[in-house]
Amino acid sequence: MIEIPQFDVTIDGVFIKRFPLAKGVIVPQHFHDHSHATIVGRGLVRMWTDGVPQDIPSGTVIEMKANRKHEFLALEDSELYCVHNEEHAYYTKENKLEFA
């Protein structure tokens, strides 16, 4: 299991998880049982969705469909923000990366 410093906050039913990533850090391939958004708040990341790579710049909002495998590599110091419905955020397995 990867250890990534982060914070969690819930506002009016919206759960936000922040992942600061140093250049070169990999968030291993994983998936979620529900759809959510990931925002690249700072930096540049390479994302693989179902094995297909794409470079994603700061300011991009990514729609992550349920059960789609995804992985990230920080190409420079970066921050990701995962935005979930509060109901999904508190399932025990949803607070952890689901490695495939």
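Me: Which residues is H70 in contact with, leaving aside its neighbours within four places in sequence?

Reply: Contact means heavy atoms within 4.5 Å. For H70 the list is P28, Q29, H30, F31, H32, H36, W48, T49 and M64. Bear in mind that this is a predicted model, where local features need pLDDT of at least 70, side-chain atom pairs count only at pLDDT 80 or more, and totals for chains, interfaces and linings use all residues. Numbering runs from 1 along each chain as its sequence is written, and side-chain values use heavy atoms, with hydrogens and water left out.

Me: Is H70 buried or exposed?

Reply: Buried means under 20% relative accessible area, exposed over 50%, partly exposed in between (1.4 Å probe, protein chains only). H70 is at 2%, so it counts as buried.

Me: With which side chain does the side chain of H70 make a polar contact?

Reply: A polar contact is a pair of N or O atoms within 3.5 Å; within protein, one must be able to donate a hydrogen and the other to accept it, and residues adjacent in sequence count only if both atoms are side-chain atoms. Here the partner is the side chain of H32, at 3.5 Å. A polar atom of the H70 side chain also lies 2.9 Å from the backbone oxygen of R68.

Me: What about H34, buried or exposed?

Reply: H34 is buried too, with a relative accessible area of 6%. Its side chain makes a polar contact with that of H84, at 2.7 Å.
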